[in-house]
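Please look over the sequence and the fold shown below before reading on. The briefing that follows takes up the sheet and the charged pairs in turn.

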Amino acid sequence: MKVIVVKDYDAMSAKALEIMKAVVVEKPNAVLGLATGSTPLGLYANMIKDCKENGTSYKKVRTVNLDEYAGLDKNHNQSYAYFMRTNLFEGIDVDLANTNIEDGTAKDREKECERYSRLLDDMQQDIQLLGIGSNGHIAFNEPGTAFDSETHIVDLTESTIKDNSRLFEKIEDVPRQAFTMGLKNIMRAKKILVLANGAGKANAVYGMVKGRVTESVPASILQLHPDCTLVCDEAAASKIV
Ligand code: GLP
């Protein structure tokens, strides 16, 4: 894994734009694997600014998102579908018809997982963006997830529910389950870009970069990817330097 340590969140988001933009400029019809969470917000703001000011175009791009809360409609303001529209898609020239995410309200959840995995078979990500959970999860692949997993439903761990509750009115509102791309679907990406910032991620970053490759730390699988870059700030890198 290539590790790039930068000073702070803004520098991380600037470097992330450089990497993402290079993919889109080289291949205007690239498949972008996208992520939610607070970590990529700076990158998304940079992509919007760069699209408006420099004309970098996403017209031909197709996107696949990592995960979605089970039970939340795409218009629910905490759904990841809503997050993507408001934080990125509405600010760039992507065609919404070319954006993909699991349907949180799907009645037949197994069928929805199967649909999404088969969609991913036809849409190998040219780049997959990832954040990391404080317990080492990527997307919603919690500790213990099989490395050969495809899209599946997960029971969120208490620590993830607690971490994510800051975005909901109260902790009881956080859905207990989610759809997530599996680790196998993520590892199929040609290139992976992981972002991490803040001291709260230092342990997870250590496990991802220097720890044993184990299903107990889902992000450790990234050590096996041939083209994975981690861009993190000094606080998140404090245990690996
Ligand atoms: C959620 C998402 C992950 C994300 C993680 C970290 O659990 N499913 O994709 O990486 O949160 O979020 P944040 O970037 O807000 O720390």
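By about how many helical turns are Lys15 and Glu18 separated in helix 1? Because Lys15 and Glu18 are three residues apart in helix 1 (residues 9–26), about one helical turn separates them. The model is a predicted one, in which local features need pLDDT of at least 70 and side-chain atom pairs count only at pLDDT 80 or more, while totals for chains, interfaces and linings use all residues. Residues are numbered from 1 along each chain as its sequence is written, and side-chain values use heavy atoms, with hydrogens and water left out.

**The sheet**

- Seven strands form an open sheet in the order 1-10-9-6-2-3-5, with parallel pairing; helices (H or I, at least four residues) and strands (E, at least two) are DSSP runs, numbered from the N terminus, and two strands pair if DSSP finds at least two bridges between them.
- Strand 1 (2–6) and strand 5 (99–100) stand at the edges with a single partner strand each, so one side of each is left without a neighbour in the sheet.
- Strand 3 (residues 62–65) runs parallel to strand 5 and is joined to it by two bridges, and Thr63 stands opposite Thr99 in strand 5.
- In general, strands of a sheet pair through backbone hydrogen bonds, either parallel or antiparallel.

**Salt bridges**

- A search of the whole structure finds eleven salt bridges, where a salt bridge is a side-chain nitrogen of Lys or Arg within 4 Å of a carboxyl oxygen of Asp or Glu.
- Lys15 forms a salt bridge with Glu18, and their closest N and O atoms are 2.8 Å apart.
- Lys15, at 25% relative accessibility, counts as partly exposed, a class that lies between buried (under 20% relative accessible area) and exposed (over 50%), as found with a 1.4 Å probe and protein chains only.
- Glu114, Arg118, Asp121 and Glu150 are linked in a network of salt bridges.

- Asp50 counts as buried at 3% relative accessibility, whereas Lys21 counts as partly exposed at 24%.
- Lys191 and Asp227 also meet in a salt bridge (3.4 Å, N to O); Lys191 lies in the loop between helix 6 (183–187) and strand 9 (192–196), and Asp227 in the loop between helix 7 (202–209) and strand 10 (228–233), 36 residues apart.
- Lys191 is partly exposed at 25% relative accessibility, and Asp227 is partly exposed with a relative accessible area of 29%.
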